[in-house]
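This report goes through selected local features, helix packing and the nonpolar core of one structure. The sequence and the coordinates come next.

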Amino acid sequence: MKTTTEVERWFAEKKPPTEATIRKVREIILGADRRMTEYVKYGTLTFGYDGGDFATMVQVSDKKQTSVMFNRGARIPGKFPHLEGSHPSARFMRFADAAEAKSRASELGKIVAAWGSLTPADRGSAKKR
């Protein structure tokens, strides 16, 4: 898993109340595909893929749950039981705690893989802001 000092600094400064859950989700997303990257954008943890934003941690001050917004989630091919939303673009996945994130690791990994299927395997990992 490739992590960055920029994101570690974000954790230290933000001190999100659901940090353990965010870290578990981060581990799953970054571990699902070597082309996935992380960075801070608009003041929050963002995951990138093939030069574009893939997912963003939203509502990080929420004490009850961790929320991930898949920026163009409506384009993700396949059916995923915990992917929420009907907006023409974004989709969300919410986690009560790190154990729930761990229990959904397979589904979250499949979401990353489905997104990756839209991109040729030799592309990706370029950070773009």
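## Loop residues with positive phi

Lys 15 sits in the loop that links H1 and H2; helices (H or I, at least four residues) and strands (E, at least two) are DSSP runs, numbered from the N terminus. The phi angle of Lys 15 is near 45°, a positive value in a residue other than glycine. With 60% relative accessibility, Lys 15 counts as exposed, where buried means under 20% relative accessible area, exposed over 50%, and partly exposed in between (1.4 Å probe, protein chains only).

Tyr 42 lies in the loop between E1 and E2. Its phi is near 55°, again positive in a residue other than glycine. Tyr 42 counts as exposed because its relative accessibility is 78%.

## Basis of the values

The model is predicted: local features need pLDDT of at least 70, side-chain atom pairs count only at pLDDT 80 or more, and totals for chains, interfaces and linings use all residues. Residues are numbered from 1 along each chain as its sequence is written, and side-chain values use heavy atoms, with hydrogens and water left out.

## Packing of H1 with H2

Two packed helices are described by the angle between their axes and the distance between the axes. Helix H1 (residues 5-14) packs with helix H2 (residues 19-32) at an angle of about 165°, and their axes are 12 Å apart. Axes are lines fitted to C-alpha atoms, for helices over the stretch in contact, and angles run from 0 to 180 degrees between N-to-C directions. H1 and H2 are therefore roughly antiparallel; angles under 35 degrees count as roughly parallel, over 145 as roughly antiparallel, 65 to 115 as roughly perpendicular and the rest as oblique.

The crossing of H1 and H2 is right-handed, meaning that the near helix is turned clockwise from the far one by less than a right angle. On the H1 side, Val 7, Glu 8, Trp 10 and Phe 11 meet Glu 19, Ile 22, Arg 23 and Arg 26 of H2, with contact meaning heavy atoms within 4.5 Å. The residues of this contact comprise four nonpolar, no polar and four charged. Here Ala, Val, Leu, Ile, Met, Phe, Trp, Tyr, Cys and Pro count as nonpolar, Asp, Glu, Lys and Arg as charged, and the others, Gly among them, as polar.

## Packing of H2 with H4

For H2 and H4 the angle is about 45° and the axes are 9 Å apart, which makes H2 oblique to H4. This crossing is right-handed. H2 contributes Val 25, Ile 28, Ile 29 and Ala 32 to the contact, and H4 contributes Ala 105, Leu 108, Gly 109 and Val 112. By class, the residues of the contact are seven nonpolar, one polar and no charged.

## Nonpolar core

The largest nonpolar core has 30 residues, of which Phe 47, Phe 54 and Phe 70 touch the most other members. Such a core is a set of buried Ala, Val, Leu, Ile, Met, Phe, Trp, Tyr and Cys residues joined through side-chain atoms within 4.5 Å. Elements that each supply at least two residues of this core include H1, H2, H4 and strand E3 (52-58).

## The end of H4 and the segment after it

Ala 114 belongs to helix H4 (residues 105-116) and, at 11% relative accessibility, counts as buried. Beyond residues up to four places away in sequence, Ala 114 touches Ile 76, Pro 77 and Phe 80.

Leu 118 is in the segment after H4 and is partly exposed, at 43% relative accessible area. Its contacts, leaving aside neighbours within four places in sequence, are Arg 75 and Pro 77.
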